[in-house]
Amino acid sequence: MTVNARAALAAVPETGIGANHAIWDAHLGTDETADLLKDAGTKLLRYPGGSYSDIYHWADHTAPGGYVAPGTDFDTFMRGVRRTGAQAMVTANYGTGTAEEAAAWVRYANVTKGYGVKYWEIGNENYGNGHYGAAWEADEHADKSPAEYARHVVAYSEAMKAVDPTIKIGAVLTTPAGWPDGIVGEGDAGTWNQVVLSAAGSKIDFVILHWYPGALDKAAHIPDMIELTRRQIAEYAGPGSERIGIAMTEFNTGSSSRGTTTQPGALAAADAYATLLAHGVFTVDWWNVHNGIGEVTQVAGHTDYGDFGLLSSGTCTSDGSVCEPPVNTRFAPYYALQMMSRFARPGDRFIRAATDRPEVVAHAVRRPGGELAVLLINTSAETSHPVAIRYSGFTPASGAPTVLTHTNGATAITTSAAGTATGHTCRRCR
């Protein structure tokens, strides 16, 4: 492994480690959930939950056509956010709402209640409204084009910032190389991203990507994904576009049968979080805190419940033959977020790191005081790899470093003093 302390990448943001809450999750508002998220180092929580955002009306806490669990209203969510020690990301209702409704939400949140909610999205995956064929996102606008969405983003932004000019507004983009990126719809002047950025770029502060790669080894795609997004912003958003940030407000491996709740999913999560943050994404938000049982398989010697949640929902298969462990049992990706929060702290800066074996992935950060932290991810199912670490621009101290480890099937991160700063054996661990 090589670490180049002189090759700086992005700084670690305060909001880097995030997760999604959903109003259909009855455990959203519990102290136990908030405390577990705090222990994981979660610094941003998104609400009210994916596509529900486009049917949700915050003032009366209803989502016509969907299920709203008790104890999931906005004030309850914000109480949990504060207990967690996180910031909030709120998705305003574009599909069935109005700019006036969104502005009233900002007024209630930041003027009436003083919550100081900084980040506000306009809708969720609105390209999935049927304009390109597939329709999963609610959208009552007669015109479902990107131009219409952009027109409303401008109206929402102006109305919401008239209430609180300090907030940040985000617009939905298609993720490069993911459907429907690159498609020009009938009657459109360009792709979704081109039209939205050209028309609304001056009124937004960040763009929104969602990524479900469908496999566990796709982190290598991230540099190109983020570079293409930045190019589109620079090309279409107009003067001053460098101020526009990138938020990954939904991420999951998207592979329910290959280790979603077991160690393979955790290894993929740690690699993706580190790579996205190293390339300047200001938040990566796991989908989601609780989700529910899916396809049950055996992966790497352990039962995988096909659940996209960080924590168990305690649900069972439809025939009752298999049930998850008790509610709020930590799944393996939970430990990936916890490890990330200990490895890369706000104020640290990512630096370049690489290995000569594809089975072992490396990341590194430099702390403000000059110390380094190294993250090693061994994806080998059976093989332990001895790692020799070489440094450029840094001289490590003598003695055994502090090593944090999470191995296959473990129910905690262990801490020890082991090896040296120039050598370590990496088991199937982080």
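Tutor: Please bear in mind that this is a predicted model. The part in question is an open sheet of 5 strands, arranged in the order β14-β13-β12-β1-β16, and its pairing is mixed. At its edges are β14, residues 372-378, and β16, residues 390-392, each of which pairs on one side only. On average, neighbouring strands of this sheet are turned by 35 degrees against each other, if direction is ignored.

Strand β12, made up of residues 349-354, pairs with strand β13, residues 360-366, in the antiparallel sense, and 3 bridges join the two. Phe 350 has Val 365 in β13 as its bridge partner.

Two helices lie across strands of the sheet. Helix α7, residues 263-278, lies across β1 (2-11), β12, β13 and β14, and runs at about 140 degrees to β14. Helix α8, residues 332-343, lies across β12, β13 and β14, and its angle to β14 is about 155 degrees.

Beyond the sheet, the loop between β9 (283-286) and β10 (297-299) contains Asn 288. The peptide bond joining Trp 287 and Asn 288 is cis, with omega about -15 degrees. Such a feature stands out because most peptide bonds are trans. Another cis peptide bond leads from Tyr 47 to Pro 48, where omega is near 10 degrees; Pro 48 is placed in the loop between β3 (44-47) and α2 (74-84).

How values were computed:
Residues are numbered from 1 along each chain as its sequence is written. This is a predicted model: local features need pLDDT of at least 70, side-chain atom pairs count only at pLDDT 80 or more; totals for chains, interfaces and linings use all residues. Side-chain values use heavy atoms; hydrogens and water are left out. Two strands pair if DSSP finds at least two bridges between them. Helices (H or I, at least four residues) and strands (E, at least two) are DSSP runs, numbered from the N terminus. Axes are lines fitted to C-alpha atoms, for helices over the stretch in contact, and angles run from 0 to 180 degrees between N-to-C directions. Contact means heavy atoms within 4.5 Å.
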